[in-house]
Amino acid sequence: MKTMTKNELWSQLQHSALVQGAMPEQHEKHSPWFVRAMLGVAGWIGALFLVGFVVTGMAMGIKEVGVYWFIGLLACGGAAVLFHLNRRGDFVSQFGLAVAIAGQILMVAGMSQWWEDSSFTAALSVVFVQQSLLFFFLPNYLHRVWAAGTATLALAFVMGRADLYALVLPLLTAALAVAWLHEFERPRQGDMIRACGYGITCTALLMSYMNPGDWLDWRTHSSVPTDLAILQVRRYMGQGLIIMVIIGAAILLLRREMVALTSGKGKAALALAIVLALASTQAPGLAPASLMLLLGFANGNRVLTGLGVVALLSYLSYYYYALHATLLEKSVLMMLTGIALLSLRFVSLRWWPTLKKEEPTHA
């Protein structure tokens, strides 16, 4: 097997237009992590003092709410300039991030005084558009995670106020799967796709803990209640969508790894996906947590894999003690899911005995 040198690898990356300029120095010095952490904290402290000074001055002398929105827009523009001028400096990036978030809060505060409670859904829609635009115009990784998460969160609450809450988590799970399945297809936009994926993942994890009763308590009291038959149809649509997302993600992963669906490995993976999909119809939080674990392992993303493990354990603990179903129903569901998964493991080993032979042995 031919070993590629660093110069050859850099030339190949330049030929693919993935990098520019000369190869970085091999012994380039980097600041220790604690120095970078202190610079980041210093950036946040400086930004908070600056924003506190501006907000205090506005509260004392400015009563026009439109000025809040305008100053917030200026803060976001200033943060964009900082991000473009210096993308690697820890102090500048953290300072710009704090200023950008403060600017967005000022913009939302200004809009919240323009809209009455009956138009709160319209205000959330504006927040969704605002955060979506800032995701593209402010080139900072952490800010893009924040913008993607808040944009999808605003969109989720817009759907919740429209009594479409049964479709919120399935759609977020589908978006999560699309983002992480296409992580490597566009190398130039890799950072943007990963930031979007992490933002959607955080919102999906948050929505996993929202039960139908929580959505009904949150919706506006002035709107006309939706017919129960329509709500039931939307619930079935959400369950069908979540089944399609899990099975579809498993099929796309098998195709990406060039595993035939009719092979023993392919059949075992599909059977596992079907069991998880059926269990997710009664415990919806299983779907995003399982996909995070699966896609993180498939993409070699340890952060996503770790988040998936934590999310899965946290949701199972929450689900067992949640009050939206009886303890007997939840115990039966978890017992049947466990039996199905163990049976699938036993059957796949007998049906596909080469699995044991292919497992590496270590001294």
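Which elements of the protein chain have the lowest and the highest mean pLDDT? Helix 15 (residues 354-358) has the lowest, 53, and helix 7 (residues 168-181) the highest, 91; pLDDT is the predictor's confidence in each residue, from 0 to 100. Helices here are DSSP runs of H or I with at least four residues, numbered from the N terminus.

This is a predicted model, in which local features need pLDDT of at least 70, side-chain atom pairs count only at pLDDT 80 or more, and totals for chains, interfaces and linings use all residues. Residues are numbered from 1 along each chain as its sequence is written, and side-chain values use heavy atoms, with hydrogens and water left out.

Colour the protein chain by pLDDT: the mean is 79, and 77% of the residues reach 70 or more. Where pLDDT is low, the predicted coordinates should not be read in detail.

Next, select helix 4 (residues 90-112) and helix 5 (residues 120-137), whose axes, lines fitted to C-alpha atoms over the stretch in contact, come within 11 Å and cross at roughly 160 degrees. Helix 4 is therefore roughly antiparallel to helix 5 (angle over 145 degrees). Show the side chains of Gln104, Met107, Val108 and Met111 on helix 4, and of Val126, Val127, Gln130, Gln131 and Leu134 on helix 5, which make the contact (heavy atoms within 4.5 Å). By class, this contact has 6 nonpolar, 3 polar and no charged residues.

Finally, select Thr203 in helix 8 (residues 190-207). Thr203 counts as buried because its relative accessibility is 4%, buried being under 20% relative accessible area (1.4 Å probe, protein chains only). Leaving aside residues up to four places away in sequence, Thr203 touches Gly149, Thr152, Leu153 and Leu172.

Note on methods:
Helices (H or I, at least four residues) and strands (E, at least two) are DSSP runs, numbered from the N terminus. Axes are lines fitted to C-alpha atoms, for helices over the stretch in contact, and angles run from 0 to 180 degrees between N-to-C directions. Angles under 35 degrees count as roughly parallel, over 145 as roughly antiparallel, 65 to 115 as roughly perpendicular and the rest as oblique. Ala, Val, Leu, Ile, Met, Phe, Trp, Tyr, Cys and Pro count as nonpolar, Asp, Glu, Lys and Arg as charged, and the others, Gly among them, as polar. Buried means under 20% relative accessible area, exposed over 50%, partly exposed in between (1.4 Å probe, protein chains only).
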